Amino acid sequence: FSNAHAEHCLTRSSPSLPPSPTPQQEEAQLAHIIAEAEAWQTAAEELAQNLEKASLPDAEVLIAAADALPLRFELKGWLQGKVDDCRALGEEICAAVPLRAARSMGECQTVEALRRLLERAREARLQFPEVEVLEAVIGRTERWLAEATVAVSETPDLRKLQSLLEEANAIPVDLSETCDVIKGKVEQAHQWVEKVRKALPRKNKTRSNASDVGKVDYTAARTLLNEGEGIRVGVKELEDIAGVLDTAETWLQRVREALEESTDEAGLQSLQALLCEADDIPVEMDEHKILAAEIEARRWGLRVQPRLAGSKVTVKALEKLVAEAAGLRARLPLAAQQQKSWRLPQEIEARKRLQKAYAWLKDHRGCVNPNGLGFRKGVTVRKVLRLLQRARAVPVDLSEPMKQLEEAVAKAEKWLEASAGILQSCGIRQRTTFTLPEGKGKAKAKAKAAGEEDMDV
């Protein structure tokens, strides 16, 4: 082949090569690259100066633009370092604040650790989405902590505490320390509420009589209220027991006033109405028992007063009255010493009469024989007459023992009358009298002056 034929074959078998750029084209292309580089440099410097306002995508776009240019930029390496740091921090934030269902509260970070992580993210001076997430979580946590602090220091509603615990479970932060305090208050409140529900009876709808329902002791109810106020948690039962005690204390005050003012039978009816009111108060009060005893005692007094004011009462009747009064006193919910000091006017009167009767009966027993038949030796008519005179002054029916004395005096007088003639014939002058002059001292003087002598019965 000739050289010309060879060149013709090469030309037909190989593809055509692009034509080499002309110097003018190369100059224009270089000028374009330089212009883009300068524009990139300007944009990078502006971003570096306002880094806090720039976002991670902005920096990534600049880096991608720098990679497309056949030049090296010092700012690109600096930007790449910032982007790498932000991506690493983003991953760390995602690991620190995961979905709550992924781990328990104890496995989460504390709010202090999250604040330190946020400080590091802010030092990067470049905005990226995870920072906003972290700020939102910290903000929510701080608001929760503020509410929880107020709730723990004051007296919140129990439902508020339970709501705080539920919200804490939805926050991906370790709030166990504060939650433990709240749980402690909630547990205390639940235990206290249970004690109140057991202590305060609930009326049975099938029962019409409130007294059929058990009652809580007043002191125990007051202790429960103090415990509830000490827990400092607002629960409905706290208001319930406070209301019950307020009703009880108002009733007690009315009872005290009524006891001072009520003296007649109409007042007794007022006391009875107060006693019926107490049936609807689910608190056991000593004053309720005292009022019941007082009403019973006053009824007893009204019943026995006519007996004491009328004809004389026998010793047995007086002893029965005193025993009844002692029974009333024994039912009082008072200490033994206080019971002793509690006396009814009718009881005091009955005891005074009994003392006089017992003193007279003692002297009477000193006159008669132990078997009740006849008189002791040396008992004179005058002594018997004096006993009879004293018996008439005692406001007690002593007719039974007086009968024996009166019969003895009558027999002695009858015997003297029947024996007057015989005694006179024997020269014995009758000097025994069967009447006593007024006054004890004058009686002896007059008897002595008249030469009277006493006669054994």
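**Salt bridges and their surroundings**

Author: E277 is partly exposed, with a relative accessible area of 32%, and in this predicted model the side chain of E277 meets that of R254 in a salt bridge, with N and O 2.7 Å apart. This pair links distant parts of the chain, since E277 belongs to helix α11 (residues 265-277) while R254 belongs to helix α10 (residues 236-261), and the two are 23 residues apart. R254, for its part, has a relative accessible area of 36% and is therefore partly exposed, because that class covers values between under 20%, which is buried, and over 50%, which is exposed.

K160 forms one with E147, where the closest N and O atoms are 2.7 Å apart. Here too the pair links distant parts of the chain, with K160 in helix α7 (residues 158-169) and E147 in helix α6 (residues 129-153), 13 residues apart. K160 is partly exposed at a relative accessible area of 35%, and E147, at 36% relative accessibility, also counts as partly exposed.

Another salt bridge brings together the side chains of D67 and K76, with a distance of 2.3 Å from N to O, and K76 is partly exposed with a relative accessible area of 26%. Beyond such pairs, R329, E347 and R351 are linked in a network of salt bridges. As a general point, side chains of opposite charge can pair when their charged atoms come close.

The rings of W40 and F73 have centres 4.2 Å apart and planes at 35°, so the pair is tilted. Because W40 lies in helix α2 (residues 23-49) and F73 in the loop between α3 (56-67) and α4 (74-96), the pair ties together parts that are 33 residues apart in sequence. W40 is buried, having a relative accessible area of 4%, and F73, at 12% relative accessibility, counts as buried as well.

Finally, T219 in helix α9 (residues 218-231) counts as exposed at 52% relative accessibility, and T219 and E284, though 65 residues apart in sequence, are 8.8 Å apart in space from C-alpha to C-alpha.

Notes:
Residues are numbered from 1 along each chain as its sequence is written. This is a predicted model: local features need pLDDT of at least 70, side-chain atom pairs count only at pLDDT 80 or more; totals for chains, interfaces and linings use all residues. Side-chain values use heavy atoms; hydrogens and water are left out. Rings of Phe, Tyr and Trp (its six-membered ring) pair if their centres lie within 6.5 Å; planes under 30 degrees apart count as stacked, over 60 as edge-to-face and the rest as tilted. Helices (H or I, at least four residues) and strands (E, at least two) are DSSP runs, numbered from the N terminus. Buried means under 20% relative accessible area, exposed over 50%, partly exposed in between (1.4 Å probe, protein chains only). A salt bridge is a side-chain nitrogen of Lys or Arg within 4 Å of a carboxyl oxygen of Asp or Glu.
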